[in-house]
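Thanks for coming. Please have a look at the model on the screen, and then I will go through it part by part.

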Protein chains: 4
Amino acid sequence: MVEVVKNGHSFYVRGMPKVTEEHRANRRLEIVHAARKCVIEHGFHKTTMADVIRESGLSAGAVYGYFKSKDEIVAAIADDALSSIDELFEGILATEAPLTPAAAVQATLEHVIQIADLKGGDLTRVAIQAWAEALHNDAIMATASSKYRILREHFEAVARRAQADGTVDPDADPQQIAQVLFGLLPGFVLQRLLLGDVTPEGYVAGLSALLSPRQPKPV
Amino acid sequence: MVEVVKNGHSFYVRGMPKVTEEHRANRRLEIVHAARKCVIEHGFHKTTMADVIRESGLSAGAVYGYFKSKDEIVAAIADDALSSIDELFEGILATEAPLTPAAAVQATLEHVIQIADLKGGDLTRVAIQAWAEALHNDAIMATASSKYRILREHFEAVARRAQADGTVDPDADPQQIAQVLFGLLPGFVLQRLLLGDVTPEGYVAGLSALLSPRQPKPV
Amino acid sequence: MVEVVKNGHSFYVRGMPKVTEEHRANRRLEIVHAARKCVIEHGFHKTTMADVIRESGLSAGAVYGYFKSKDEIVAAIADDALSSIDELFEGILATEAPLTPAAAVQATLEHVIQIADLKGGDLTRVAIQAWAEALHNDAIMATASSKYRILREHFEAVARRAQADGTVDPDADPQQIAQVLFGLLPGFVLQRLLLGDVTPEGYVAGLSALLSPRQPKPV
Amino acid sequence: MVEVVKNGHSFYVRGMPKVTEEHRANRRLEIVHAARKCVIEHGFHKTTMADVIRESGLSAGAVYGYFKSKDEIVAAIADDALSSIDELFEGILATEAPLTPAAAVQATLEHVIQIADLKGGDLTRVAIQAWAEALHNDAIMATASSKYRILREHFEAVARRAQADGTVDPDADPQQIAQVLFGLLPGFVLQRLLLGDVTPEGYVAGLSALLSPRQPKPV
DNA sequence: GATGAATGAGAATTCATTCAT
DNA sequence: TATGAATGAATTCTCATTCAT
C-alpha cells in the first residue's frame, strides 16, 4: 500500500485487494454528500457534474464509476433527504407512551429542526427541491410517495390512539386526521424557509390553541 | 390628442400608448400561458425557450421582444401562479360573515382545487416549482414571501375573529394560529400531488375532528 | 396638408409633393451621421441596426427605405470618413505657393486634427475601422485605395516641386517620396489614438529634425 | 519528484503540472493559430467560434477548455500579432553597430515583410484589425499601447545615437524623432495592404532621398 | 412613404458523459 | 480502477431584415 499525493489529495492505493461493497457504499455516500452540498447551494438543475466532481475531490471518471448518471445522483440525494425525515421519525412514534396529536407534531417538528441544522447542510432545502422534482421524475415521485405514506401512517396510529383515549371523536376517519397532522409539516418547512419566522414551539402553540377544547360562548 | 413634432414631422398622437400597451400586455400573457403549460409539463429547468417559442406560436425574436430572458418568463410564471392563490382568496376572507378557522381553510382549499382544475393547467404544480425555485432565485423568493405573508395575514384576521367569538383561546397568539392555518395548505397541495388521495372535504373533516371540543374521558 | 389617421396614429402628411432627391440625400446623410456616431462609439460590428435606428430617430422601415442593408450604411460611413480627409486636403495642396514636404505634412496633420475634433465625432476613429474593414470588404477597399491613391498623388506633386527646387535629390523617384510622406499620416493617427501623445507640431518638429541637412561629423 | 506505480501505471507525481502545462500551452497555441487563420481571412467579427473550432480540428468543448470566451481568443491573437513585430525587432536594434535612422527603418520593414510572409498567414493583416479593435477593447488597447511604446523607444535610442553621431540635430527632441520613425511603419503596412505597391526598398529609398543632406539651391 | 412588430437563421457557450491512457 | 481531456448536442439569445397595416 503506497501513499500517493496528487493534486493535493492523498490516496492510499491498495494493490487491488477487495474493493469491497462497503468501500463502494462509502464512496457513494461521499459523492452524495458532496453533491448534496452543491444542491443545497444551487438547486438540482444548476448543480453541474463539474461542481459535484470538484466538491467530491474525485475525478469525473471516478464519479461515473459509482453513479451511472447525474439523474442517479439526484435520485440518491432525494432518497437520502426524504429518508432522513422518516428515519429520525421512526424512533419517536414508536414509543409506547401515549402521544397526543399535538405532541406527535411537536416531536416531528423538533426533528425537522435537527435535520435543518445538520452540518452537511439543511436537508429541508433538499426536500423542497425533491417535491418539485417528483412532479417530473418518476423515481423521486416513487420514493417521495412511499416515504411520505409511511410517515403519514405513523400519524394515523397517533390518531387512533387519540380516538381510543377519547380526546378525538372516535367516529372520525383516522386517515383524514392523519392527512391533517402530516399536512402541517410541509407548511412548517415552507414558512421556515420562505418567511423565516416559524419555530416548532410557536407552531405547536398555535396548534394547541386550536385544538384545546372550548365551548363557544352561549348566546 | 397631442401634437408631437419629431424629426421635423408633426404627428397627432392619439391613444397610441394605450393600444400598444394593451397589446403588449396581452402578448406577454399569451407567452406566459404558453410557457406555463410547458413548465407544468416539464418543470422550469427542463422547459427550453424552444418549447416556449413553439408553444406560443411566435418566433424567438418576438418572444424576446416581450421578455428579456428566460428568467424573466420564469419569474412571470411564478408571479402569476403565486398571485392566483392570493387573488382568489381575497374574495373569500373578505366576507363580513363570521368565518371559523375550519371554514376559512375549507374555503381556501376549494379555491386551491379550482386553481388546480384550471384549463390552462394545474397551477399548484407551478406553485411547488416556485417553492423550490425561490430558494435560489431572489425575485421568486421576494414574490413568494410577499404573497404568502399577505395570505397568512388573512388567516390571522380569522384567528382574531375566532378569539373574539370565544371559539379560540383569547390568550393565544393569533399569528401563531395563522401559521398553523396557513401551514395546512402546502401539506394539502403536496399530498394531493404526491399521494393523490386528499380532498378538501376529507381534509376539512380531519381538521374539524381535531378541532371539535371534546373532554378527555374521565379516568 | 391633410390629416391622415392610420393605425390609430394621426399624421399630418404634406400633400405628398416632390419628395425630392435632395430630401432623400439629406435623409441619407442624417442616417449616416447617426450611424457614424454609433460606429465611433462601438465599432462597425458592434453597432446594430437597432442602434442606428434609435440614434437616427427614424423607424426601421424608414432607414431601410434609404439604405438597402447595413453594409450599405457601413460603406457610406467609410466613404464619408475617407473622403473627408481627402476633401479637406484638396484645398491645401492646390495652392500655388511652393510647399516643402514638411509643410505639406504639417498642413495635412492640421487637417487631421480638425477632422478629429469634429462635433459629429472623431473621424480618424472611423478611418482606422475602415482600414480594417477594407481587408474584407471590397467596396470599402475600393474607396480606400482610390481615395488614398489620390491623396498620395498630391504628395507626389509636392515631391516633384521639391525636386524642382533642388531641396530634394532630383534623381529620386517622386513616387517613393510620396509613399513616405503619405506614409507618415497613418502613423500619426495611430499614435494619437493608441498612445495619445503626439501633436502635429511635435511630429513635424521630429520630421524637420530628420530632414534638415547636416553633415556627418568628419572622422 | 517521485515515481509512483499505481495499477500498473507509472506517474511522475510532482512534475505533472509541467507536462500538463506544456501540453496546455501547445494546445492554446494551436487554437490561436487556427483562429488567426480565420481572422486573417474574415476579420475578428466575421470569424465565428464554429470557424475556429472547425479550423482547430477540436471540439467546441475542447476549445472552451482552453479559452473562456471568443474575446479571450481574440485577445490572444492580437497579443501574438502585436508581440511578433516587437520580438523580431528586439534583435535588430540591439546590435551594437551604429544604426542610422534610415537603416533602422529599413531593418524594421524587412521584418515586417517577413511577418507578412509567414506561412501561418500575414500578421500585418491581424495588426490592422488589432488597431481597430483596440479602440473598443480595453485589453487589446493595453497590449497595443504597451507593445508600440516599447517599439518606439527603440527608435528613440536610434535617434539618440544619430544625434551623438552628429547626423541629426542634437537639439531636437529624440522622442519626436522616434514618433516620426515609428510613425513610418503603419503607413508602410497600410499602403502595402490597401495600395499594394510599396516595398521596403522603395520606401527606404524615398526616405533616404528626403533625409540626404542637400543645400537648397542658392538664389 | 412610414411604422415597428415579427421573423428565424445563426452565434456563443455549456455540460453530461465517454474513453484512451 | 482512476484520470481528466475531449466530445458535441443542446441551449439561450441576437440582430439584420421584412411586410401588413
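How many residues does the contact take from chain C and from chain D? The contact takes 56 residues from chain C and 56 residues from chain D, where two residues are in contact if their C-beta atoms, placed from the backbone, lie within 7 Å.

Before going on, some housekeeping. This is a predicted model, in which local features need pLDDT of at least 70 and side-chain atom pairs count only at pLDDT 80 or more, while totals for chains, interfaces and linings use all residues. Residues are numbered from 1 along each chain as its sequence is written, and chains are lettered from A and ligands numbered from 1 in the order in which they are written.

Back to chains C and D. On the side of chain C that touches chain D, the elements giving two or more residues are α6 (123–134), α7 (138–165), α8 (174–195) and α9 (200–211) of chain C. Helices here are DSSP runs of H or I with at least four residues, strands are runs of E with at least two, and both are numbered from the N terminus. α8(C) gives the most, with 16 residues. By class, that side of chain C has 31 nonpolar, 17 polar and 8 charged residues. Nonpolar means Ala, Val, Leu, Ile, Met, Phe, Trp, Tyr, Cys and Pro; charged means Asp, Glu, Lys and Arg; the others, Gly among them, are polar.

Next, symmetry. The superposition is by least squares on the C-alpha atoms of residues with pLDDT of at least 70 in both copies. Of the interface residues of chain C, 100% are also interface residues in chain D, so the copies meet through the same surface.

Now the other pair. 56 residues of chain B are in contact with 56 residues of chain A. α8(B) provides the largest share of the side of chain B that touches chain A, 16 residues. Chain B can be laid on chain A by a turn of 180 degrees and a shift of 0.0 Å along the axis, with an RMSD of 0.1 Å.

Chain A has 9 helices and 2 strands, and along the sequence the pattern is β-β-α-α-α-α-α-α-α-α-α. The domain assignment gives domain 1 (1–67) and domain 2 (74–213); such bounds come from an automatic or database assignment. The contact between them takes 9 residues from domain 1 of chain A and 11 residues from domain 2 of chain A.

Of the 219 residues in chain A, 44% are buried, meaning that 20 or more other C-beta atoms, placed from the backbone, lie within 10 Å of the residue's own. In α5(A), the buried residues include P101(A), V105(A), L109(A), V112(A) and I115(A).

Last, the DNA. The surface near DNA strand E has 15 nonpolar, 13 polar and 4 charged residues.

Technical notes. A residue is buried if 20 or more other C-beta atoms lie within 10 Å of its own, exposed if 12 or fewer, and partly exposed in between; C-beta atoms are placed from the backbone.
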